[in-house]
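Have the picture open as you read.

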Amino acid sequence: EQGAPADFYVYVGLYYSNSAVTEATFSCQDGFILANHSRSGYSETQDLRYYSTLVARVDGGIIGLYDSNGNSVLDPDLFASGLGNSTLLISPASDPEKCIITVDGKQYRGGVVFGSYGAEQGTMAVANYVTLEHYVWGVLNAEMGSENPLEALKAQAVAARSFIMSELGYHGGGALGFDVCTTTHCQVYNGISGERMRTTEACQATAGKVIGYNGKVAKAFYHDNNFGYTMNASDYWGGSNAWCQSVRDPYSTPREWATDFTFEEL
């Protein structure tokens with residue numbers, strides 16, 4: 001079903017917890033803007049188009065924004081509070097459909113937001129602020145290679161989109177609340193480096209489509225191989241997942257596996 005609006009933004013954790021950093025470098029040929037942001041979009045608050053490189057650095061728990069020479073570029077009224085735990089976004093100063101920002105050498109669409117872990121820890125969390133569709137573009141090839149049949153890629157795109165729409169705010173709390181991470185803990189997300197023409201085609205062909213159950217987005221669990229049968233999701237995770245019942249899978253490819261039990265365990 002069509003369940004995701006065209007202009008809907010998600011938050012993807014890049015640096016957080018044990019991977020939190022003291023500084024991060026951003027570059028964009030079109031320059032930058034500071035903006036207020038929400039799920040439905042953003043609005044400019046400060047023009048930073050003059051700068052093609054910016055550095056976010058945490059000092060005493062305050063996240064500042066500096067040019068390549070170490071000079072602060074924040075308006076004076078923002079300098080005292082910094083960027084952490086605010087509604088401010090660093091975004092490329094270009095069309096939202098073409099926004100590309102380089103974060104420590106890796107390219108992403110959209111922009112970045114920050115959260116400070118405070119003066120005691122002295123680190124910051126960083127998340128990618130990106131449209132739902134561009135997020136799925138960066139996921140699909142990592143979770144199902146682009147060499148697969150197009151119809152299979154379309155199904156995977158719907159599953160990936162449904163997964164994040166059912167996980168909004170999953171990584172809440174901490175220095176910076178965000179939706180999902182970039183690893184197999186959630187879904188593997190590689191930004192622009194993960195995009196391929198065929199997987200993008202599959203995403204565009206299914207844009208906005210999610211799996212629904214009883215009027216809500218169903219969490220779309222998926223896996224590499226189930227050895228011929230799936231398990232009741234509620235038996236594994238608990239709770240109620242009526243749409244994920246055990247079924248036989250005649251398409252599962254044969255594999256060998258082994259495990260060990262003690263007599264006590266048996």
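A quick rule to start: buried means under 20% relative accessible area, and exposed means over 50%. Keep in mind that this is a predicted model.

Q: Which residues of helix H4 are buried?
A: In H4, which runs over residues 197-205, they are Thr-199, Thr-200, Ala-202 and Cys-203. They span an arc of only 155° around the axis, so they sit on the same side of H4. What these buried residues pack against is helix H2 (132-143) and helix H3 (150-165).

Q: Why is His-37 called buried?
A: Its relative accessibility is 18%, and the cut-off is under 20%, so His-37 counts as buried. You'll find His-37 in strand S3, residues 32-38.

Q: What makes the link between the side chains of His-37 and Tyr-11 a polar contact?
A: The two side chains are 2.9 Å apart at that contact, and the limit for such a pair of N or O atoms is within 3.5 Å.

Q: How do you know whether Ile-63 is buried or exposed?
A: Look at the value: 0% relative accessibility. The rule asks for under 20%, so Ile-63 is buried. Ile-63 belongs to strand S6 (residues 62-66), and its contacts beyond four places in sequence include Leu-74, Phe-114 and Met-124.

How values were computed:
Residues are numbered from 1 along each chain as its sequence is written. This is a predicted model: local features need pLDDT of at least 70, side-chain atom pairs count only at pLDDT 80 or more; totals for chains, interfaces and linings use all residues. Side-chain values use heavy atoms; hydrogens and water are left out. Buried means under 20% relative accessible area, exposed over 50%, partly exposed in between (1.4 Å probe, protein chains only). Helices (H or I, at least four residues) and strands (E, at least two) are DSSP runs, numbered from the N terminus. The arc is that of the directions from the helix axis to the C-beta atoms. Contact means heavy atoms within 4.5 Å. A polar contact is a pair of N or O atoms within 3.5 Å; within protein, one must be able to donate a hydrogen and the other to accept it, and residues adjacent in sequence count only if both atoms are side-chain atoms.
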